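Please keep the sequence and the coordinates open while reading.

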Amino acid sequence: MVRDRGARARAALARNHPEFAATRDGEPIGYVCLGNPAAQEWAFETLDRLITEYNCDWIKLDYNLDPGAGCNRTDHGHGAGDGLFEHISAYYRLLERVRAKHPHVILESCSSGGLRIDLGLMKHTHTTFLSDPDWPEHDLQLFWGATTMLAPNVCLHWGYCDWLGEHRYQKFDPRDPSLTRERLDCYTRISMLGGFGFSQKLPDLPAWVAERFAHHIRVYRETVAPFVREADVYRLTDQPKRFARGERWAAFQYAKPDGREHLLFVFRLHGRSRKLRTIHLTALDPAARYAVSSLDNGKLMTRTGAELMEDGIVFELNEEESDLVWIRKEENGA
Ligand SMILES: [Zn+2]
């Protein structure tokens, strides 16, 4: 998909197969209409060839447009009223063909508004990138919303990336001499809420930052990943929103299916909020006792489930700082 109309018109496909273009009332709307069987065959052959030639392990399928009501040409094999439905149905079939022929290839869906994050598409892809730009409050707004529908392990997004220009709403530079460990941790932990990754140049990082990344990767693999794969996620605050709107604290509780272990991520964003915040846990056994330990500061306390749910845990954080807390049910007599 090409956002720029001029570039779209100059694309080889536009010259070689002008009949593949989705149009609405004669105007191109920016995508190849897979409701046309010949276009679907071309798309499969192209993907198949690229995967083979480049020995791909992972493909990101972007779709940065709003298709509106879709294609209403009548020479594609679909009707004037069902172009979008036939396009999406054909897209599902295309993905299934790719998966059948290349079962090791991870298919990552991505779209900014292109009707590409839903349960129908999740049946046919492995994971989804929530939005192109990455910065903390944007990420937390998206993750809060996406996890009302999707499991965290299919949500990919980063707390920051080396993306310069218009999307860089919050300046973050891992080479900045004034960068604190707490701020680096906050930005990095945001990526750990779902599938974990980095999107930046690694070779020229300061040594302490590289060591801290290695630490976070270890923590993710050993402690966080099993929760992301298996646990239920509870959103313990209202939704943070971009541009200093919405909640300025965000807390997510991950509860393992057996209820014995929980993980709690707490973030304080920039903007107006108090330095102290009480977070009330949920989904605990009121009568059981739980050991509560911060991965930063060691053991904090032992409390009953009722106390953790009713009285909560008080956190003290500066802006753009975080905590990661492990809550384990104690055996009887422990
Ligand atoms: Zn069409």
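Two strands are taken to pair if DSSP finds at least two bridges between them, and the elements themselves are DSSP runs numbered from the N terminus, helices being H or I of at least four residues and strands E of at least two. This is a predicted model, in which local features need pLDDT of at least 70 and side-chain atom pairs count only at pLDDT 80 or more, while totals for chains, interfaces and linings use all residues. Residues are numbered from 1 along each chain as its sequence is written, and side-chain values use heavy atoms, with hydrogens and water left out.

Because four of its five residues are buried, β4 is largely enclosed by the rest of the structure, where buried means under 20% relative accessible area, exposed over 50% and partly exposed in between, with a 1.4 Å probe and protein chains only.

Turning to another sheet, six strands form an open arrangement in the order β7-β10-β11-β16-β13-β14, with antiparallel pairing. Since β7 (232-235) and β14 (298-304) stand at the edges with a single partner strand each, one side of each is left without a neighbour in the sheet. The twist averages 20° from one strand to the next, with axes fitted as lines to C-alpha atoms, for helices over the stretch in contact, and angles running from 0 to 180 degrees between N-to-C directions. Four bridges join β7 to the antiparallel strand β10 (residues 249-255), and R235 stands opposite F252 in β10.

Helix α6 (residues 136-146) lies across β7, β10 and β11 (261-268), at about 40° to β10, whereas α7 lies across β11 and β16 (321-329), at about 65° to β16.

The loop between α7 (181-191) and α8 (207-230) holds Q200, which counts as buried because its relative accessibility is 12%. Not counting residues up to four places away in sequence, Q200 touches Y160, D162, P174, L205 and F213, contact meaning heavy atoms within 4.5 Å.
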